[in-house]
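Please keep the sequence and the coordinates in view while reading.

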Amino acid sequence: MDTITGYLNNMFASLPRTEQTYKLKQDLLLSMEDKYYELKQDGKSENEAVGIVISEFGNIDELIEELGIAVEGTDSPLPQLAPEDTWSYMAAKKRAGFMVGLGVMLCIVGPALLILLSTLAEYGFLQGVISEDTAGILGVVILLVLVAPAVGLFIYSGTVSEKYKYLQKGFTLPHFLRTEIEQRSRAFTPTYTLSLTMGVCLCVLSPVPVITWSMINDDATAYGVVILLALVALAVFLFIYYGSIKDSFKFLLKEEEYTYNAFRAQ
Amino acid sequence: MISSDVIRGYNDTLILYMLLDGESYGYEISKNIRKLSDEKYIMKETTLYSAFTRLEKNGYIDSFFLDETFGKRRTYYRITPLGLAYYREKCEEWKVTQEVVNKFIKEL
């Protein structure tokens with residue numbers, strides 16, 4: 001009997017926990033229990049009885065379909081995604097990820113250049129070209145000049161994603177499209193893993209220049225910091241860009257944080 | 001054994017028929033359907049309960065609880081006047097369907 005209860009729990013795991021689904025589950029359990037005990041009484045073995053009850057359970061989708069309408073009440077059913085919408089959504093997510101990644105990178109590179117310029121000036125490398133003060137001011141100017149397009153990128157990527165906000169209200173995928181997305185998702189996995197590995201390696205290695213530089217010459221540690229920031233910037237770009245592609249797959253396939261329940265909870 | 005695809009449009013009719021003689025509950029209905037069909041049709045649990053949901057939503061049946069002697073709480077169903085009218089309609093529909101399909105059935 002535990003097998004049957006477990007089976008039913010599994011079947012209902014992806015359903016929203018409402019009063020209606022709870023009652024339905026209780027009813028189903030009772031009904032399956034009735035059948036199970038009767039089969040046992042007829043002389044079936046434990047395994048046979050459980051097997052028959054489970055094989056006669058049917059398809060949970062049938063119930064979901066019926067409940068979907070009952071739960072939503074008079075609301076229209078969820079829109080079904082067309083292939084062109086799906087691919088344009090994925091392209092938009094990719095573009096938005098690229099822009100945000102680039103923006104964040106610019107925000108990190110800005111201070112790095114500021115440090116570089118002021119350090120170069122401090123040690124007299126820029127003598128005759130610009131004064132130390134000018135180098136400082138120039139660094140700040142460069143920083144601002146980089147941050148400005150970064151902010152632009154953030155805002156623009158926001159408007160690109162905005163167009164697909166309606167998808168967050170829920171959607172359904174036709175079977176063929178789901179298969180295709182799953183295929184693409186699988187094909188993307190090695191790329192994603194590689195980008196993740198590279199990003200993590202870059203982060204781990206990023207302090208190395210600081211350490212080595214400080215061993216060679218304590219004064220020049222600032223150069224190490226510049227390289228550290230550059231490496232981190234690159235890593236962050238990898239995380240954001242590839243992460244947003246991965247995210248679009250997870251969103252469409254309703255995996256991990258995008259499962260039906262998580263949707264409901266939002 | 002009949003496939004569930006063939007009988008899909010008549011699951012509701014089968015259930016309503018079982019309720020014509022009075023209230024009943026899930027397992028009893030499915031057991032009787034199986035018995036009456038000479039074991040040729042076994043209605044799946046999900047088919048049965050999605051039909052209950054649909055029929056109740058349409059006002060063709062209503063449900064109530066009955067507590068059993070050993071503490072179990074069972075949902076019973078009974079047919080409504082609206083359900084009875086729907087049942088008659090489906091019977092008429094079946095007659096026509098049968099007539100039409102029969103015209104295309106030939107012993108070979």
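Glu182(A) and Arg178(A) both belong to helix α7 (residues 175-205) of chain A, and because they are 4 residues apart they are separated by about one helical turn. Their side chains meet in a salt bridge with an N to O distance of 3.4 Å. This description, like everything that follows, refers to a predicted model. Glu182(A) is partly exposed, with a relative accessible area of 29%, and Arg178(A) is likewise partly exposed, at 29%.

Arg54(B) pairs with Asp12(B), and the closest N and O atoms are 2.9 Å apart. Arg54(B) lies in helix α4 of chain B and Asp12(B) in helix α2 (residues 11-19) of chain B, so the pair ties together parts that are 42 residues apart in sequence. Another salt bridge of chain B joins the side chains of Asp67(B) and Arg73(B), at 3.5 Å from N to O. Asp67(B) counts as exposed, with 58% relative accessibility. Salt bridges that share partners also join residues of both chains into one network, made up of Lys35(A), Glu56(A), Arg34(B), Glu39(B) and Glu45(B). Over all chains, a search of the whole structure finds 19 salt bridges.

On the side of chain B that touches chain A, α3 (26-36), α4 (45-57) and β3 (73-79) of chain B each supply at least two residues. The largest share of that side, 8 residues, comes from α4(B). By residue class, the side of chain B that touches chain A divides into 6 nonpolar, 6 polar and 9 charged residues.

The extent of the interface can be given in residues and in area. The contact takes 24 residues from chain A and 21 residues from chain B. The size of an interface is often given as the accessible area lost when the parts come together. Between chain B and chain A, the buried area is about 2100 Å², and carbon and sulfur atoms give 52% of this area. Tyr27(B), Glu45(B) and Thr46(B) supply 32% of the area that chain B buries against chain A, more than any other three residues.

Chain B itself comprises 5 helices and 3 strands, which follow the pattern α-α-β-α-α-β-β-α along the sequence. Its C-alpha atoms fill a box of roughly 55 × 30 × 20 Å along the principal axes. Of the 108 residues of chain B, 40% count as buried. Among the contacts in chain B with a separation of 6 or more, 52% are between residues 24 or more positions apart.

Glu39(B), a member of the salt-bridge network, lies in the loop between α3 and α4 of chain B. The phi of Glu39(B) is near 65°, a positive value in a residue other than glycine, and Glu39(B) is partly exposed at 48%. In chain A, Lys254(A) lies in the loop between α9 (221-253) and α10 (260-265), and its phi is near 55°. Lys254(A) is partly exposed, with a relative accessible area of 24%. Helix α9 of chain A also holds Asp247(A), which is buried at 18%. Leaving aside residues up to four places away in sequence, Asp247(A) touches Lys93(A), Glu257(A) and Tyr258(A).

How many disulfides does a search of the whole structure find over all chains? The search finds 0. The sulfur of Cys107(A) is 17 Å from the closest cysteine sulfur, in Cys203(A), and is therefore too far away for a bond. For Cys201(A), the closest cysteine sulfur is also in Cys203(A), and the distance of 9.4 Å is too far for a bond. Cys107(A) is partly exposed at 29% relative accessibility, and Cys201(A) is partly exposed at 40%.

Note on methods:
Residues are numbered from 1 along each chain as its sequence is written. Chains are lettered from A and ligands numbered from 1 in the order in which they are written. This is a predicted model: local features need pLDDT of at least 70, side-chain atom pairs count only at pLDDT 80 or more; totals for chains, interfaces and linings use all residues. Side-chain values use heavy atoms; hydrogens and water are left out. A disulfide is a pair of cysteine sulfur atoms within 2.5 Å. Buried means under 20% relative accessible area, exposed over 50%, partly exposed in between (1.4 Å probe, protein chains only). Contact means heavy atoms within 4.5 Å. Buried area is the accessible area (1.4 Å probe) that two parts lose on being put together, summed over both. Ala, Val, Leu, Ile, Met, Phe, Trp, Tyr, Cys and Pro count as nonpolar, Asp, Glu, Lys and Arg as charged, and the others, Gly among them, as polar. A salt bridge is a side-chain nitrogen of Lys or Arg within 4 Å of a carboxyl oxygen of Asp or Glu.
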